[in-house]
Amino acid sequence: MTRLSRGRFITIEGGEGAGKSTNAEVVRSVLERYGFGVLATREPGGTPLAEEIRSVLLGPRDEAVDPMAETMLIFAARAQHVARVIEPALRAGRWVLCERFTDSTFAYQAGGRGVAAEAVAKLAELAHPGLWPDLTLYLDAAPDAAMTRISTRSLDRFERERRDFFDRVREAYAVRARERPQIVRIDANRDLASVQREIVRAVEGFLSVHGKA
């Protein structure tokens, strides 16, 4: 297979309990089977500074967090992540697989929190000008079922939100998926084997078009 001079950027999106981390390994295995070098990372996080911001964002706290302050923290972590990790890897020809990116911010902060989508778009242009995923796998799971999956673990600040918040997040994801052709919706309400078969088909379909120079 001819090597690309620049790697591809693939993201995995979805609400809490949708199976992003589990299925990221499936995507990675497919890419590596085709001979691509893969950098797997996550957001918020991916660098020491960005991981510190992640701990601030996810840690439960008594103080109410202003939605715009939350949004700006997310983009501060993202700008660092892009500059120090994502862009260098792509320029080196590696493929980057990231759990969450700016589609999450449109879903959680614009959809869930009510931050203006225009503000999110402006911050995105400042944090990662011209950089958007080549492929996004959106794992769509009903909030009730997804929250049941994570009910046995210690919940972070986002996971403790009310059901109506997650309904808004899911609807915002649905809107993004309809508007952006690079977003592939995966029905994550099914059994894991079925979900992973569809993920493999989606990734292999992408590779058949975009996997060669």
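This is a predicted model: local features need pLDDT of at least 70, side-chain atom pairs count only at pLDDT 80 or more; totals for chains, interfaces and linings use all residues.
Let's begin with open space. The largest pocket has a volume of about 710 Å³. Its lining counts 35 residues. Which of them lie nearest the centre of the pocket? Those are Glu 16, Lys 20, Glu 99, Arg 100 and Arg 153. Keep these names in mind.

At least two residues each come from α1 (20–33), α2 (48–58), α3 (67–91), α4 (102–112) and α8 (192–210). Now the classes. The lining of the largest pocket has 14 charged residues, 13 nonpolar ones and 8 polar ones.

The space in the largest cavity is about 120 Å³. Its lining is made of 15 residues. Nearest the centre of the cavity are Gly 15, Glu 16, Ala 141, Phe 166 and Arg 170.

Which elements supply the lining of the cavity? Strand β4 (135–140), helix α6 (143–149) and helix α7 (163–179) each give at least two residues. Helix α7 gives the most, with 4 residues. By class, the lining of the largest cavity has 10 nonpolar, 3 charged and 2 polar residues.

Now the charges. Side chains of opposite charge can pair when their charged atoms come close. A search of the whole structure gives 19 salt bridges. I'll show three of them.

Start with Glu 16. Glu 16 pairs with Arg 100, and the closest N and O atoms are 3.4 Å apart. This pair links distant parts of the chain, 84 residues apart. Glu 16 is in the loop between β1 (9–14) and α1. Arg 100 is in the loop between β3 and α4. Both Glu 16 and Arg 100 are buried.

Go to the second pair. Glu 51 and Arg 42 meet in a salt bridge at 2.7 Å, N to O. Are these two buried or partly exposed? Glu 51 has a relative accessible area of 26%, so Glu 51 is partly exposed. Arg 42 counts as partly exposed because its relative accessibility is 34%.

Glu 70 counts as buried because its relative accessibility is 1%. Arg 113 has a relative accessible area of 21%, so Arg 113 is partly exposed. This pair is part of something wider. Salt bridges with shared partners join Glu 70, Arg 113, Arg 157 and Glu 161 into one network.

Glu 99 is in strand β3 (residues 95–99). Glu 99 is buried, yet has no salt bridge. Where is the nearest side chain of opposite charge? That is Lys 20, 6.3 Å away. What Glu 99 does have is a polar contact of 2.8 Å with the side chain of Ser 21.

Conventions. Residues are numbered from 1 along each chain as its sequence is written. Side-chain values use heavy atoms; hydrogens and water are left out. On a 1 Å grid over the protein atoms alone, a cavity is a set of points where a 1.4 Å probe fits but cannot get out, and a pocket is an open set with protein on both sides within 12 Å along at least five of seven lines; lining residues have an atom within 4 Å of a point. Grid points are joined across faces, edges and corners, and a volume is the space filled by probe spheres set on the points. Ala, Val, Leu, Ile, Met, Phe, Trp, Tyr, Cys and Pro count as nonpolar, Asp, Glu, Lys and Arg as charged, and the others, Gly among them, as polar. Buried means under 20% relative accessible area, exposed over 50%, partly exposed in between (1.4 Å probe, protein chains only). Lys and Arg count as positive and Asp and Glu as negative; His and the chain ends are not counted. A salt bridge is a side-chain nitrogen of Lys or Arg within 4 Å of a carboxyl oxygen of Asp or Glu. A polar contact is a pair of N or O atoms within 3.5 Å; within protein, one must be able to donate a hydrogen and the other to accept it, and residues adjacent in sequence count only if both atoms are side-chain atoms.
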